[in-house]
Amino acid sequence: MVMQRVKLDEYISWQIPQLQQQLIAADEIVVSSSGSTGLQKQVIIKKTAFDTSTKLANEYLNAKPGQTWSLLLPVTHIAGVNVLLRAGDLGTEVIDNRQRENYIDADFVSVVPTQIYKALTEDKNLLRHLKNAKAVLVGAAAIKIEIFNQAIESGINLIRTYGMSETCGGCVYEGSPLPGVKLEIKSGIIYLNSPTMASGYLNQPKLWDENFKAGWFKTNDLGQIVKSKLEVIGRSDDVVITGGEKVSISEIDSFLIKTFPTITFKTFAIDDAKWGQIIGLAMDKMDKEVQLSQIIQALLNKFPKYYLPKRFFRVAAMPKTELNKISQGVLLELLSKNELTEISQ
């Protein structure tokens with residue numbers, strides 16, 4: 001019997017009902033994952049792992065046959081695939097709301113933090129759609145606690161999930177592993193052991209072997225256990241060593257976004273002969289009332305001097321992945337082509 005492998009990148013032109021049936025019948029599904037660094041990984045996931053992930057999610061939500069899922073995410077990514085399979089597990093066709101302004105309500109929805117923010121700030125129809133769902137899963141990136149609290153107060157039954165393509169998406173809900181899932185923290189890094197684990201990387205087998213050993217997958221995320229719950233602190237690859245000092249660029253980003261909410265910031269590491277690496281800071285615009293000197297002073301007031309970026313850039317629009325993660329890889333590519341506008345101090 002010939003194994004049926006579905007590479008999602010080859011099925012992007014398919015209509016949703018046909019793609020949903022194709023995924024249900026597949027033996028393996030290959031999902032592309034790039035993350036913020038731009039490193040492309042083709043993740044091989046056996047259908048049995050997806051079946052387990054699907055049942056765990058639907059059981060957690062107490063979903064019943066005949067209930068529905070709303071699709072608001074790209075089907076080339078793990079979150080979109082999960083919505084199709086979860087709906088199939090309930091015996092229903094997914095409700096495709098990706099190109100709608102007037103959303104058709106469903107029992108369950110899966111979103112990324114950017115969509116929650118959009119619903120709370122500008123899209124009343126989306127807010128109504130999310131409030132009318134029995135539950136809304138949010139993942140792919142960390143959601144700010146103030147946005148999470150605002151969503152709950154607005155009437156959205158929001159559930160935070162943690163996972164990645166390598167674990168069929170979310171396998172930790174509200175800080176607790178789903179049944180059969182194990183997690184450990186070693187030297188601050190999160191390790192996962194799960195029945196929903198992928199089988200490898202189609203295009204980078206050595207990278208898979210480096211990160212997956214004895215049933216445990218080493219993530220790129222930093223975490224801690226607080227009151228028996230997992231708290232994700234940031235990414236281990238967000239720690240840059242410059243002049244021998246460790247700098248958390250996600251810590252800088254979080255501070256700047258909170259301090260100057262009208263500007264989008266992204267720090268990134270730039271190779272440097274003297275320092276090994278230096279910190280660059282890109283911003284999508286300069287508020288008329290905010291000067292670069294104010295940003296620098298705010299950083300110096302908050303952090304040690306070695307945290308201060310050495311180069312500052314302006315971009316017309318911050319480059320993002322399909323799941324609205326800001327791409328460090330694209331920023332570095334733009335820098336190499338001299339397509340970033342450098343701002344002098």
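I take contact to mean heavy atoms within 4.5 Å, and I began with I116, which by that criterion touches V111, L130, V138, I143, I147, A151 and L158, not counting residues up to four places away in sequence. I keep in mind that this is a predicted model, in which local features need pLDDT of at least 70, side-chain atom pairs count only at pLDDT 80 or more, and totals for chains, interfaces and linings use all residues. Residues are numbered from 1 along each chain as its sequence is written, and side-chain values use heavy atoms, with hydrogens and water left out.

**Entry 1**

I located I116 in helix α4 (residues 113–121), where helices (H or I, at least four residues) and strands (E, at least two) are DSSP runs numbered from the N terminus. I116 is buried, at a relative accessible area of 0%; I use buried for under 20% relative accessible area, exposed for over 50% and partly exposed for what lies in between (1.4 Å probe, protein chains only).

I then turned to V136, which lies in strand β7 (residues 135–138) and is buried, with a relative accessible area of 0%. Residues up to four places away in sequence aside, V136 touches V109, V111, L130, I156, N157, L158 and I159. V111, L130 and L158 are also among the residues that I116 touches. From V136 to D107 I noted 8.8 Å, C-alpha to C-alpha, across 29 residues of sequence.

**Entry 1: the packing of α2 on α3**

Two packed helices are described by the angle between their axes and the distance between the axes. For helix α2 (residues 47–60) and helix α3 (residues 78–89) I noted an angle of about 75° and axes 9 Å apart, the axes being lines fitted to C-alpha atoms, for helices over the stretch in contact, with angles that run from 0 to 180 degrees between N-to-C directions. The helices α2 and α3 are therefore roughly perpendicular to each other; angles under 35 degrees count as roughly parallel, over 145 as roughly antiparallel, 65 to 115 as roughly perpendicular and the rest as oblique. On the α2 side I listed K47, F50, S53, T54, K55, A57 and N58, and on the α3 side I78, V81, N82, L85, R86 and D89. The residues of this contact divide into five nonpolar, four polar and four charged, where Ala, Val, Leu, Ile, Met, Phe, Trp, Tyr, Cys and Pro count as nonpolar, Asp, Glu, Lys and Arg as charged, and the others, Gly among them, as polar.

I followed N82 of helix α3 further, and found it buried, with a relative accessible area of 2%. Leaving out residues up to four places away in sequence, N82 touches F50 and S53, and also C168 and G169.

I placed Q20 in helix α1 (residues 16–25), buried at a relative accessible area of 1%. Its contacts, neighbours within four places in sequence aside, are L84, A87, G88, T92, E93 and V94.

In helix α10 (residues 328–336) the buried residues are Q328, L331 and L335. Seen down the axis of α10, these fall within an arc of 60°, so they line one face of the helix; the arc is that of the directions from the helix axis to the C-beta atoms. What covers them includes α8 (249–259), β19 (265–272), β20 (276–283) and β21 (311–314).

**Entry 2: positive phi**

Most residues other than glycine have a negative phi. I therefore noted E174, not a glycine, with a positive phi of about 50°, in the loop between β9 (169–173) and β10 (176–177); E174 is partly exposed at 24% relative accessible area. A214, also not a glycine, has a positive phi of about 55° in the loop between β14 (212–213) and β15 (216–226), and counts as exposed at 77%. After α10 comes N338, with a positive phi near 60°.

**Entry 3: the chain as a whole**

I recorded 10 helices and 22 strands for the protein chain, with buried residues making up 50% of its 345 residues. The C-alpha trace spans about 60 × 45 × 45 Å along its principal axes.
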